[in-house]
Amino acid sequence: MNDAFNRELEREREYDHQELDLVVQRNVPLLNYQQKEVYDTLMKAIADENGGLYFLDAPGGTGKTFLMSLVLATVRARSNIAVAVASSGIAATLLEGCRTAHSAFKLPLNLQTIEEPTFNIAKHSAMAKVLAASKIIIWDECTMAHKRALEALNRTLKDLRNDSRCFEGAMILLSGDFRQILPVIPRSTSADEINACFKSSNLWRYVKKLQLTTNMRVTLLNDTSAEDFSEQLLTIGNGQMSLGAELSSGVYHVGKRNEEHRLTK
């Protein structure tokens, strides 16, 4: 068991620092203005060791994964520990050394029925040491997680580090897009899903919001159809367009094109 604990701790320290340093030097110049501003803000917060709770609002295609991978590489290249988790298995495969939050933090499965959940992590375990020594904890797609999962992280860090401050002064980076999937609550109403959302938590008032808006797929490929698609998604996500009307319009145009194609043939 002790060997298993030691492997858990060494897992976060076995990265090739020289290779990561080359990755950082090669990719930092590729950041656009918004990404560079977010990167500098996070690096300054890590260097100052004042902690903080940050939320990166980044719709699809804005380079969120690229930016977070660079932040992880920078921290690890300096021989520091950076913990990366995600709410879904697919998102966890996109970041180096990332795992699902349930796997890494041993979250209880019945979060909606427990008022004050905590992680199933012993205070002297390797994962506890990893969390206590980490310079930054990144939680991707946190918008899909139940608010009690993030409250459990706050409660556990306070216990592990013996500090009453929010997240015990640790550096937390949350990322996601509230326009997409909210927490899934079985047999629930829309009000239940909104109540389970992180924005309904008391911790939201401590959040410092960072934002990415430039769609890199449109910028790099110069694809007008991708730009139209991106704008439509944002319009629907922001509640500025009736989804039924948009779908009806799309069906009409598709039907019209099919009819024109049939007549041409």
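Analyst: A helix here is a DSSP run of H or I with at least four residues, numbered from the N terminus. In this predicted model, helix α4 covers residues 64-77, and T74 lies in it. The protein has 12 helices and six strands.

User: Why is T74 called buried?

Analyst: Buried means under 20% relative accessible area. T74 has a relative accessible area of 3%, and therefore T74 is buried. Buried residues make up 44% of the 265 residues in the protein.

User: What makes the pair T74 and Y39 a polar contact?

Analyst: A polar contact requires a pair of N or O atoms within 3.5 Å, one able to donate a hydrogen and the other to accept it. The side chains of T74 and Y39 are joined by such a contact at 2.8 Å. Leaving aside neighbours within four places in sequence, T74 is in contact with V24, Y39 and M43.

User: How do you know that the structure holds a cavity?

Analyst: Rolling a probe the size of a water molecule over the atoms shows where empty space is left. A cavity is a set of points where a 1.4 Å probe fits but cannot get out. The structure holds one cavity of 30 Å³ or more; the largest cavity has a volume of about 40 Å³.

User: What makes β2 stand out in the lining of the largest cavity?

Analyst: With three residues, β2 gives the most to that lining. Both β2 (82-86) and α7 (126-133) supply at least two residues each. The lining residues divide into six nonpolar, one polar and three charged.

Note on methods: Residues numbered from 1 in each chain as written. Predicted model: local features only at pLDDT ≥ 70, side-chain atom pairs only at ≥ 80, totals over all residues. Heavy atoms only, no water. Buried < 20%, exposed > 50% of the residue type's maximum accessible area, 1.4 Å probe, protein only. Contact = heavy atoms within 4.5 Å. 1 Å grid on protein atoms, 1.4 Å probe; cavity = no way out; pocket = protein on both sides within 12 Å on 5 of 7 lines; lining within 4 Å. Points joined across faces, edges and corners; volume = space filled by probe spheres on them. Nonpolar A, V, L, I, M, F, W, Y, C, P; charged D, E, K, R; others polar.
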